[in-house]
Amino acid sequence: QQRQGGVLVANTCEDKDWLAAPPAEDAEFLYFVGQSARHRLERDSRNDAERDAINKFVQFTGVDVTIVDEYLQTSFNLSSEITDPTVAERRKQEMRAQAFVRRAKAREWCTERYQLIQNSDVQGSVFITSVLMRVPRDEYDAVQTYNREQQVRLNAARDRVLAEARAFHQAALNDERQGRLIGAFEQLLLAEAKLDQAAAMRADTPPPSDSLSRPTLNAAEVRMTAGMALQRTPGQAQIVEPGQTPENLRVTAVYHGAGGTVPVAGLPLLFIADGKILGQMNTDAQGRAQLQMRPIQRPGQVAFRVQVNRGLLRDKVSEDVQVALANLQAEFVVHVREFSLDEKAEDLVNALAQAVPTPMSVVVENFTYGDSQTSGLFVSRFRAMLESALVNNGRFSMKRPVSRTGLTRGFTQVSASAPAAMAHASGSEAVLFGQYYEENDQVVVRAHAVSVD
């Protein structure tokens, strides 16, 4: 007879009615049928059949298998392996079978032996064993009693954890009223952890009517994050001159709650411009933080952004709060004026006027590009603007540079003491000269004034 991948050569199970339906329970015993998988050794198939029968008994109790394992460890002094979640289920089944078999009895056995044949050659035998196991009813009752006792303890422990969650929630509300929003978020996160712990405790009774719920926690987080704001000072865009230091950027973190507006202390902030972090700090007790500004040289617009430093909140607040606080920002704009060439000339003349106590005559020498004696449209235009600014200032009178041998495109070649010699030769009291060069896509002008004396 070809079955189970082999030829049946021995069978003691043909007349076993209990294979189809185990006997009905009686006043003393419960009955369960276990069947093994295929095994090369008959001994292994018998052990497997016992394990299967005991597993069916455990299922019949209707008790969570972890409770059964705790009962076995307590009642039969089993190794702690049976309650260790890292131990394989197969090993736990073996331990359950060994424990219950001390009380349960195998009433009947039967075995089927098959020869494995391949290409007309016998490759060995396998065994499939079935067992009719009877388990004392008082063993079933003991499991049920232990389960009820454990459930009472689990329910009480669950209620204690829920009470801790309520306490964390209440602490969060207290922090909220005081403006300690970061502390409030931390308390809410602890409350969420307690709710998760309670949910995993296998309690079989409804939680107390005043238990905290996750929607309540979520609503508190939404309310608190929605009430937070960053107020900026100055509130309007700043306009500064190149090289001038803008007013420090200041923000105040506030919370608009049911009890009014309160400052938010301890909020970690980042000050960012052009993708670079310029400063990071926490708000003080008044909810304030400021960035110490430095002079800005380059003309144009500079945008500054203040945002919450989420990296410092990762372990303190929930992911939902982190996402919500990412939208809490303040922006500042600083406009650095771009001077025209004639404004630069006027600035130079005004600076010269402040340095000279009395009116004097001045000659303007062409400015050089770096150290090279070159000229061009920029040089001639800038010289003309300087002369115009000197005349308009009222403190200076203009002298023209003298023409000499070696004069090249407006430059007078004189001795080593060229500026003073130029002033003396032209009959003026001072000479204004300098250089210009490129730096960071800008033209930088350096001017010097030398008197005859």
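The structure is a predicted model, in which local features need pLDDT of at least 70 and side-chain atom pairs count only at pLDDT 80 or more, while totals for chains, interfaces and linings use all residues. Residues are numbered from 1 along each chain as its sequence is written, and side-chain values use heavy atoms, with hydrogens and water left out.

We can start with the helices (DSSP runs of H or I, at least four residues, numbered from the N terminus, as are strands, which are runs of E of at least two). Helix α1 (residues 42–61) packs against helix α4 (residues 137–178) at an angle of about 50°, and their axes are 10 Å apart; axes are lines fitted to C-alpha atoms, for helices over the stretch in contact, and angles run from 0 to 180 degrees between N-to-C directions. α1 is therefore oblique to α4, given that angles under 35 degrees count as roughly parallel, over 145 as roughly antiparallel, 65 to 115 as roughly perpendicular and the rest as oblique. On the α1 side, F57, F60 and T61 make the contact, and they meet E139, Y140, V143 and Q144 of α4 (contact means heavy atoms within 4.5 Å).

Turning to the sheet, 5 strands form an open arrangement with mixed pairing, in the order β7-β14-β13-β10-β11; two strands pair if DSSP finds at least two bridges between them. At the edges lie β7 (238–240) and β11 (276–282), each pairing on one side only. Neighbouring strands are turned by 20° against each other on average, direction ignored. Strand β10 (residues 268–273) pairs with β11 in the antiparallel sense over 6 bridges, and A273 stands opposite K276 in β11.
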